[in-house]
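Thanks for coming. I will take a few minutes to walk through one structure, and I will define the terms as I go.

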Amino acid sequence: MQQYILRRSLLNLLAIFFVVTLIFLLLRIDTGHVVTMRAQQTQTASAEAEEAARQQVREDLGLDKPLLVQYRTYLWNLVHGDLGESFQAREDVISEIGDRIGPSLELGLLQIMVALVVAVPIGVISAIRQDTAIDYVLRFFAIALLGIPVFVLAVFVLTLSAQKFGYTAPYTDYKDLLPFPPFATEEGVGVWNNLQIMFMPAIIGGLGTGAIIMRFLRSQMLEVLRQDYVRTAWAKGLRERVIILRHSLKNAMIPVLTVVGLLLGIIVSGNVVLETIFFIPGIGLWIVNAIGEYDYPIVQGVVLVVAGVLVFINLLVDITYAWLDPRIRYG
Amino acid sequence: MQAGDRQAQPAVLAAPAEWTLPKRPSVAANVWRFVRRKPLGTFGMLLVIVMVAMTLGPPKAEFGTPELPDRPLGFELGKPFMAKYEAQAVFRGGVVNALIGPIDQWLKPSTQHWLGTDRGGHDTYSRMVFAARRSLFIGLWALTFATIVGCTIGVVSAYFRGWSDTLIQRLMDSLQAFPALLLLIMIISLFEPNLTIMAIALGFVGVTSVQRIVRGVVLSTREEPYVEAARVLGASDLRTMVFHILPNIMAPVIVVFSIGLGTVILAEAALAFIVPESVPSDPSWGIMLNVTRDSLPPEAKGYHTVAAGGAIVLAVLGFNLAGDALRDVLDPRLRVG
């Protein structure tokens with residue numbers, strides 16, 4: 001087990017190194033936009049002054065040095081936890097990410113919660129009542145939800161709720177979204193306000209993810225229900241409840257957990273979309289705005305943090321999986 | 001007894017004159033079987049066919065839709081390969097009316113404008129047709145790119161195994177660690193809005209999944225007796241890969257291609273929806289949906305939203321259903337979930 005964890009961790013370190021290198025190379029493809037944006041911040045009168053300003057910016061950002069030297073500086077800063085400061089706001093990217101990651105994490109966790117709460121009972125019912133009317137109805141809804149993309153569903157819901165019911169979620173500054181202490185008495189702050197903002201995107205995103213999990217859980221349950229030990233459990237005269245929940249569901253959930261790990265990438269992408277549509281001030285909305293303004297330290301920082309976290313979570317999922325099912329390690 | 005059998009054999013083998021080989025089922029019979037066995041898949045195929053047909057010819061001018069260029073799927077017939085597709089933004093009521101006077105924005109559906117008009121007074125149906133061309137153009141280009149690169153990587157990686165395989169697979173893992181949407185937004189924001197760049201970026205993101213599936217199939221194919229036979233006969237590695245392995249993994253590749261089309265079209269719409277300023281601005285379903293979200297006036301009814309969103313849903317649904325059915329027919333091994 002230790003050897004397995006060590007090997008997986010080393011491979012993941014390699015993966016993170018590739019991620020870092022890839023981002024470095026991508027952002028060096030075309031640096032013209034960045035230089036122009038920075039140079040425009042200083043007022044210039046003539047063409048020569050403008051060119052001088054551009055040259056100054058190139059020197060400031062280290063873009064005049066050879067690529068390998070830039071790469072070394074970049075890695076050095078990264079190892080020391082320095083992601084640079086944003087071009088527009090001139091704030092430290094790392095601490096900004098810390099400020100804004102809260103709402104994104106909350107939305108992601110709520111989505112997973114909604115997905116599991118919806119998918120597990122439906123998947124189980126659909127499997128134990130295979131090929132009955134209720135199975136067909138549930139599967140039809142799952143396919144329909146898979147077919148409707150998150151952003152289309154979100155726009156439908158928003159348009160409908162605004163036009164028919166005149167309801168829109170309150171707007172909150174990101175510093176007020178997760179207040180401390182949570183039960184503040186001020187107007188527009190606190191848990192109730194937070195949930196009002198979060199419930200629509202969480203349900204919409206969670207249903208889409210839930211449909212994938214439900215289909216997978218159903219096929220896993222169908223396989224487990226045909227196992228010999230389940231038949232033995234029936235023959236022993238155990239109650240249906242015990243057989244389904246304790247003997248079958250527990251075993252069917254193991255592969256489902258890995259799928260949830262793999263779905264995290266989809267959930268992060270979904271977060272970007274949902275935050276943009278519902279104006280939730282998390283890192284998704286932030287990065288979309290930053291890209292529009294060619295604010296590369298932010299883009300680079302967010303992508304790095306997200307990719308790093310995803311790689312780490314995948315490592316955790318792999319280890320959990322190997323721990324739950326020892327056969328994996330020998331495969 | 002044995003001798004008698006041996007003597008009887010020729011008599012058995014010589015077929016009577018009226019015997020014929022079982023006839024191959026005709027194409028029509030095959031199609032009919034597919035329709036009966038896979039009703040959902042047939043529905044998906046129909047949606048795809050309608051989408052392609054919509055883009056093939058100009059809609060009738062008398063229905064209020066403008067002159068669409070005779071360029072099916074974004075490239076002119078007779079040109080060697082897909083030439084770059086440029087939308088000629090000549091819409092009735094569009095630019096022209098904006099110059100002359102008030103524009104007919106947010107009109108209701110009528111015989112003149114099948115799906116009404118949008119914010120700029122453009123006919124929604126003709127914009128949908130243009131957008132379908134753009135989606136197909138990007139989808140085909142992206143998938144072509146992803147399939148060629150993914151097949152090469154997958155086949156080479158699985159054929160040679162060993163440390164190069166490990167290295168390539170870790171590299172692909174790190175690519176997959178990126179949330180696809182963030183990577184896409186990052187890539188396209190680096191360049192001027194350009195359809196070809198967008199198609200390549202979408203294909204680049206799709207390479208990882210294509211190569212993973214191809215690699216899995218090749219890992220089992222390379223152990224087949226006919227591959228071994230080719231090696232024994234002294235075929236080089238390249239020859240074995242191109243002439244013996246590649247033709248035998250075509251079924252999964254076709255399946256990946258058809259399922260990938262739906263995904264790529266969806267990703268393109270999502271991109272155009274989220275960062276409309278970073279994508280080419282000719283009609284796109286994503287941009288149309290974004291416009292209805294941004295500026296649908298309260299008195300306008302919801303069908304403008306339904307038109308743009310419905311196009312995306314139907315196209316993605318069509319490609320997914322058709323792809324699923326194709327997978328069941330061509331390669332049941334790939335079935336997951």
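In which loop of chain A is Asp131(A) found? Asp131(A) sits in the loop between helix H5 (93-128) and helix H6 (133-147) of chain A. A word on helices: helices (H or I, at least four residues) and strands (E, at least two) are DSSP runs, numbered from the N terminus.

Before going on, the ground rules. This is a predicted model, in which local features need pLDDT of at least 70 and side-chain atom pairs count only at pLDDT 80 or more, while totals for chains, interfaces and linings use all residues. Residues are numbered from 1 along each chain as its sequence is written, and chains are lettered from A and ligands numbered from 1 in the order in which they are written.

Asp131(A) is not a glycine, yet its phi is positive, about 65°. Most residues other than glycine have a negative phi. Asp131(A) is exposed, with 7 other C-beta atoms within 10 Å. By the definition used here, a residue is buried if 20 or more other C-beta atoms lie within 10 Å of its own, exposed if 12 or fewer, and partly exposed in between, with C-beta atoms placed from the backbone.

Phe279(A) also has a positive phi without being a glycine, with a value near 55°. Phe279(A) lies in the loop between H11 and H12 of chain A. Is Phe279(A) buried or exposed? Phe279(A) is exposed, with 11 other C-beta atoms within 10 Å.

Now chain A as a whole. Chain A has 14 helices and 0 strands. Its C-alpha atoms fill a box of roughly 90 × 60 × 40 Å along the principal axes. Of its 331 residues, 33% count as buried. For contacts, two residues qualify if their C-beta atoms, placed from the backbone, lie within 7 Å. Among contacts in chain A with a separation of 6 or more, 71% are between residues 24 or more positions apart.

Chain B is next. Chain B has 13 helices and 0 strands, and 44% of its 337 residues count as buried.

I picked two helix pairs in chain B. How far apart are the axes of helix H9 (residues 225-232) and helix H10 (residues 237-245) of chain B? Their axes are 10 Å apart, and the helices pack at an angle of about 145°. Axes here are lines fitted to C-alpha atoms, for helices over the stretch in contact, and angles run from 0 to 180 degrees between N-to-C directions.

The second pair is helix H7 (residues 180-189) and helix H11 (residues 250-274) of chain B, whose axes come within 11 Å and cross at roughly 65°. Leu181(B), Leu184(B), Ile185(B) and Ile188(B) of H7(B) meet Ala267(B), Ala270(B) and Leu271(B) of H11(B). The residues of this contact are 7 nonpolar, no polar and no charged. In this scheme Ala, Val, Leu, Ile, Met, Phe, Trp, Tyr, Cys and Pro count as nonpolar, Asp, Glu, Lys and Arg as charged, and the others, Gly among them, as polar.

Last, the contact between the chains. It takes 37 residues from chain A and 36 residues from chain B. On the side of chain A that touches chain B, the largest share, 7 residues, comes from H7(A). By class, that side of chain A has 27 nonpolar, 8 polar and 2 charged residues.
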